[in-house]
Every structure is written in C-alpha cells, then in structure tokens.
Amino acid sequence: MTARTLPVPDGLDGMRVDAGLSKLLGLSRTVVAALAENGDVLVDGRPAGKSDRLLAGTWLEVTLPEPDRPVEIQAIPVEGLVVLFQDDDVVVVDKPVGVAAHPSPGWSGPTVIGGLAAAGIRISTSGAAERQGVVHRLDVGTTGVMAVAKSEYAYTVLKRAFKERTVEKRYHALVQGHPDPSVGTIDAPIDRHPRHDYRWAVVAGGKPSITHYETIEAFRAASLLDVKLETGRTHQIRVHFSALRHPCVGDLTYGADPTLAKRLGLTRQWLHARSLGFHHPEDNRWVEFTSEYPADLAAALDVLAADY
C-alpha cells in the first residue's frame with residue numbers, strides 16, 4: 001500500500017470526495033468510493049465518506065492500493081480479423097465485433113494486438129506494455145478500420161497525427177429516429193457520467209468534443225448517418241447521439257429501444273468505423289482504407305429497407 005499526503009487544492013473546494021479525488025489522483029470514482037468505505041481516505045486525520053465535501057486547504061491522506069500488474073499479451077488467433085494493409089511501418093486491420101483493441105484488466109476476450117502477434121506480425125514496442133503500437137482504439141462492440149504502428153517512428157508520427165487531428169476518421173451510424181437538421185455538428189463536452197462509472201456523458205466542464213454528421217438514408221424508424229469525428233473521446237458518437245435523443249440503434253447502454261434492436265437482430269450498437277485516412281509516416285503520402293459492413297449490420301439495414 002502507498003500513502004499520499006497533500007492539501008486539498010482550491011480547484012476541488014466544495015466537490016464530493018469521490019469526484020474530487022478521482023480528478024486529483026486519476027482514479028475512477030468507484031475506486032475512490034471503495035477507498036473511502038475502507039477508511040483509507042482521511043481529511044485532517046478523520047475518515048471521510050465518499051459523499052462528504054472537500055474543503056480547500058484541509059489535509060488529505062489517502063492510502064492507495066498496489067498498482068495492478070501489467071496485463072500480458074496473449075498471442076491468440078482472432079477469427080474475422082482481416083489485414084487490409086501492411087508494410088514496415090503500419091498495419092491496418094478490419095476489426096470484428098467482440099474484439100478489444102488491446103488487453104486490459106477485466107477483459108479476457110480476444111484482442112487486436114493478440115491477434116496480430118498470433119499472425120506473426122511484429123508491432124512497435126512504444127507505449128504501455130499491453131498497448132504497444134496502439135495509436136487509437138475502437139470499442140469492443142464497434143467494428144471497422146483500425147491502424148496499429150509497426151515501427152517506433154510510425155508510432156510517434158501517428159500518435160501526433162491523432163492528437164493534432166490530421167487524421168480523417170469516418171464512421172457510419174444507424175441512429176433511432178431522424179436527427180433535425182439532417183446535416184449538422186454536435187459540439188458538446190464529454191466526461192465520465194456523474195453516477196455511472198462505466199458510462200460517459202455530456203457534462204459541463206468536460207473535454208471539448210465535436211462530431212459532424214450527414215444523413216445518408218432515412219428509414220421509417222431510423223437514419224443511417226455518415227459521421228466525421230473532429231475529436232476522439234471515449235464513446236463520443238454514442239454519447240453525442242444519445243444526448244440528442246437519437247441513440248445508436250442497439251446501444252442499450254445509452255438508451256436505445258430494446259424492441260427495435262431485437263426486431264433488427266442486433267446485440268450491439270449499430271456503429272462501424274467505415275474509413276480511416278492519414279499521412280503515411282514514411283513519405284507523408286495520403287492513404288485511406290475502407291471497411292464493408294459486417295453481416296449483422298448489413299442484415300439490420302435490409303430489415304429496415306423492407307419496411308417501405
């Protein structure tokens with residue numbers, strides 16, 4: 001166990017213990033709540049509850065748990081993982097549903113990194129041990145194009161490109177109802193949900209998040225959208241359209257209609273990383289890669305089209 005002792009900064013004055021320490025220490029609110037429950041959070045020497053309010057200048061003493069051991073990469077073949085392109089610098093894959101980008105605590109399923117290792121594809125050693133070569137991620141339930149760096153130089157260049165937003169990421173999303181206007185921009189900050197740690201939400205003071213969209217086709221119950229991300233927040237598309245009351249079809253986590261999802265045969269959100277374009281690290285030429293819809297998403301569109 002490790003103890004941290006420090007005064008409460010002015011910026012956390014008045015915040016709940018779980019929210020304030022989460023922001024201060026980079027821990028989830030769930031972890032902070034558990035620490036408080038175990039008596040591991042002291043304010044001026046007295047145990048603090050998770051909902052107690054912090055007071056600037058008071059003295060914090062937090063006993064932290066031992067850090068998790070790094071998650072090992074298991075070289076296991078991944079069914080349906082298709083290599084769209086590779087050279088000495090980059091490998092671009094078409095990620096199937098149910099596959100995480102990289103190993104993480106609590107995830108025992110297949111990963112892109114493990115699948116590439118099983119295929120004998122060497123990737124960059126830059127980044128945290130379990131995320132080597134990963135320059136961006138797709139959710140487990142999101143399919144489509146994803147790039148991984150193979151050389152150390154490519155990792156540095158691509159990481160910078162994603163950070164500076166010179167990469168073009170396009171998604172196709174099937175959302176409930178019909179967004180009005182049919183072409184628009186969502187500019188709304190995103191951060192962790194104030195009550196549900198596993199979700200994200202539009203919240204005041206969150207990180208700037210911008211999503212551009214255009215309607216490709218309007219069905220009776222839903223709309224197929226072309227979505228371009230200007231920023232890359234966790235669950236950004238899912239959160240933004242949920243906030244507009246047009247959640248991705250099948251996305252029960254963010255308020256989608258389970259009846260519609262069942263009728264369309266969907267067991268996950270209808271969201272697909274359609275294309276990815278970037279300047280190649282070797283010579284700066286523009287390259288772009290596209291992924292076709294997987295069977296479950298295509299079948300859902302067929303059902304909607306048959307409604308007419």
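# Reading strand S14 and its surroundings

Student: Which residue in S14 is the bridge partner of Thr-143?

Tutor: In S14, Thr-143 has His-272 as its bridge partner. Strands are DSSP runs of E with at least two residues, helices are runs of H or I with at least four, and both are numbered from the N terminus. This is a predicted model, in which local features need pLDDT of at least 70, side-chain atom pairs count only at pLDDT 80 or more, and totals for chains, interfaces and linings use all residues. Residues are numbered from 1 along each chain as its sequence is written, and side-chain values use heavy atoms, without hydrogens and water.

Student: With which strands does S14 pair, and in which sense?

Tutor: Two strands pair if DSSP finds at least two bridges between them. Strand S7 (residues 143-149) pairs with S14 in the parallel sense over 2 bridges. S8 pairs with S14 in the antiparallel sense over 6 bridges, and here Ala-173 has Leu-271 as its bridge partner in S14. Strand S15 (residues 286-290) also pairs with S14 in the antiparallel sense, over 5 bridges. In that pairing, His-279 stands opposite Trp-286 of S15.

Student: How many residues lie between S14 and S15 in their hairpin?

Tutor: The hairpin of S14 and S15 has 6 residues between the two strands. In its turn, Asn-284 has a positive phi of about 70°.

Student: How many residues of S14 are buried?

Tutor: A residue is buried under 20% relative accessible area, exposed over 50% and partly exposed in between, using a 1.4 Å probe and protein chains only. In S14, 7 of the 9 residues are buried, so this strand is largely enclosed by the rest of the structure.

Student: Which residues line the largest cavity?

Tutor: Rolling a probe the size of a water molecule over the atoms shows where empty space is left. A cavity is a set of points, on a 1 Å grid over the protein atoms alone, where a 1.4 Å probe fits but cannot get out; lining residues have an atom within 4 Å of a point. The lining of the largest cavity consists of His-136, Leu-138, Val-145, Lys-169, Tyr-171, Ala-273, Ser-275 and Leu-276. Strand S8 (168-176) and strand S14 (271-279) are the elements that give two or more residues to this lining. The largest share, 3 residues, comes from S14.

Student: Where do the backbone angles deserve attention?

Tutor: Most residues other than glycine have a negative phi, and most peptide bonds are trans. Arg-165, although not a glycine, has a positive phi of about 65°. Arg-165 is found in the loop between helix H4 (152-164) and S8, and counts as partly exposed because its relative accessibility is 45%. His-235, again not a glycine, has a positive phi of about 60°. The place of His-235 is the loop between strand S13 (222-229) and helix H5 (236-243), and His-235 counts as buried because its relative accessibility is 16%.

Student: Which peptide bond is cis, and where is its proline found?

Tutor: The peptide bond from Asp-180 to Pro-181 is cis, with omega near 5°. Pro-181 is found in the loop between S8 and strand S9 (183-187).

Student: How far apart are Thr-30 and Asp-18 in sequence and in space?

Tutor: Thr-30 and Asp-18 are 12 residues apart in sequence and 7.7 Å apart in space, C-alpha to C-alpha. Thr-30 lies in helix H2 (residues 29-37) and counts as partly exposed because its relative accessibility is 48%.

Terms used. 1 Å grid on protein atoms, 1.4 Å probe; cavity = no way out; pocket = protein on both sides within 12 Å on 5 of 7 lines; lining within 4 Å.
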